[in-house]
Amino acid sequence: MITLDNIHKSFGDNHVLRGVDLHVARGTSMVIIGGSGTGKSITIKTILGLVAPETGTITVDGQDVSKTGDRDAFLARFGMLFQGAALFDSLPVWQNVAFRLLRGSLARPKAEAHEIAIEKLRRVGLTPDVADRLPAELSGGMQKRVGLARAIAAEPEIIFFDEPTTGLDPIMAGVINDLIREIVTEMGATTMTITHDMTSVRTIADNVAMLHGGKIRWTGPVSDIDAATDPYVDQFIHGRAEGPIETVR
Amino acid sequence: MNWIAALGRATLGLLAAIGRVAMFFGTAVTHLLWPPFYPRELALSLLNIGWLSLPVVGLTAIFTGGALALQIYAGGARFNAEAVVPQIVAIGMVRELGPVLVGLMIAARVTSSIAAEIATMKVTEQIDALVTLSTHPMKYLTVPRVLAATLVVPLLVAVGDVIGIFGGYAVATGTLGFNAAAYIQNTVDFLQMRDITSSLVKGAVFGCIAALMGCYFGMNSGRGAQGVGRATKGSVEAAAVLILAANFVLTGVFFSV
Ligand SMILES: Nc1ncnc2c1ncn2[C@@H]1O[C@H](COP(=O)(O)OP(=O)(O)O)[C@@H](O)[C@H]1O
Ligand SMILES: [Mg+2]
């Protein structure tokens, strides 16, 4: 469903992506792992058109994303949880969650949008009393979960999660991992998740891709990851300081 | 020969910047004309830029009008022309000081806050989030602010003009011994339609410049807290200089016969 072909992206002389090739099939969960600063977030942003790659093509359902006529309709198919949550700090929590449901092509009555927001907040483990607070009044982990609720609020068919469990306690991380898995198996969504957390990888992933050196270093089903002979993958999943991945980057 | 190259580079840089701002403005105008519209955002901007600026505009105008009356009286006394205080206060406030001072106060108060807010949104990926939620940042953030400022700053200028004239009146009748009724009569008789039109047009242009610079610098902010700081500083500098330049041009257009 989503295909990246030979994507290159530089910032000045920082050549971040050097030919990324990746395929995510419909209704599957792809997890991207890799050291920090290797360009995982940038990879996802290129798919959404937030970052324009210098070369390479990205297709969704066979259609080139740089040539979509109706961008609103295109983007309405996606949900995105940003690494830093990226909540609108001028709006109360529930209006953040229901942002899409309050305006544009997916708009619906306010009461209904509010109800959906409360329901989504509950799904990410937040009680209704946070709904009327402002994002700045929440802890980082709570903000992250509000961002997650916003990403899934309109039940999009493709959802990107950028480090969904970073900053959460282990119990809440477990809740979120289960939720993402559920979204794939029950709602049939196609997801890409960036994470450093091997528990998340094992819960969420159908397939795993490891980004290193600006390319997909290894990709395969999650069941193969422990048997992978690639020394980079081995070092990463076991969190070893010694190995081919440099620790000063 | 080096300085020629440097001059050339600076000129090219300036032209490129003007081009980028013009493109930005053009994009904002096209978004103004095409739906969806965000009336709630417009209302919030009108409140923020208009209503909440009234105290600072009022205070600026009243002190300026008062000081103007004192200066004209003192200066006029050197050639027995003290009586022109009402006329010169009216002209000075309405034609120049009202629009310029209100414009500069708006640059200080509104441009800076727009730039800081939008730059922070940019740095914390809120602008990216807007895009992924099928909401165009130009439509949702820039259009309401620029439109609101263009509509409401002329009103602020009108209020400033009136309060400034009142400041002059209060000083003139309170301490300089002017007759109250005659002061008002002189003011009203002396002002022409053209003075008032120019005042309001200047207000609209200055409001547009102030909000546009805030949005432009905010949207093009660099990364991190430093990026936000630079965007804010740059926006106020650009807005103030452009307002003064536009004032010069508009004064030329309206009053050079
Ligand atoms: N807007 C930007 N301008 C310049 N450099 C950037 C920008 N965004 C990301 N980078 C750089 O690109 C690299 C990859 O960033 P990112 O994709 O966020 O990494 P991660 O894999 O941790 O998600 C980093 O070196 C970062 O500094
Ligand atoms: Mg990242």
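The lining of the second largest cavity consists of eight nonpolar residues, one polar and two charged (nonpolar: Ala, Val, Leu, Ile, Met, Phe, Trp, Tyr, Cys and Pro; charged: Asp, Glu, Lys and Arg; polar: the others, Gly among them). The model is predicted, with local features requiring pLDDT of at least 70 and side-chain atom pairs pLDDT 80 or more, while totals for chains, interfaces and linings use all residues. Residues are numbered from 1 along each chain as its sequence is written, chains are lettered from A and ligands numbered from 1 in the order in which they are written, and side-chain values use heavy atoms without hydrogens or water.

A cavity is a set of points, on a 1 Å grid over the protein atoms alone, where a 1.4 Å probe fits but cannot get out; lining residues have an atom within 4 Å of a point. The second largest cavity holds about 50 Å³, a volume being the space filled by probe spheres set on grid points joined across faces, edges and corners. Its lining includes F78(A), F99(A), R150(A) and L133(B). Strand 6 (78-81), helix 4 (99-102) and helix 6 (140-152) of chain A each contribute at least two lining residues (DSSP runs numbered from the N terminus: helices, H or I, at least four residues; strands, E, at least two).

Four cavities of 30 Å³ or more were found in the whole structure. The largest cavity has a volume of about 70 Å³. Among the residues lining the largest cavity are D72(A), F99(A), R103(A), Y38(B) and L133(B). The lining of the largest cavity comprises five nonpolar, four polar and three charged residues.

Key:
On a 1 Å grid over the protein atoms alone, a cavity is a set of points where a 1.4 Å probe fits but cannot get out, and a pocket is an open set with protein on both sides within 12 Å along at least five of seven lines; lining residues have an atom within 4 Å of a point.
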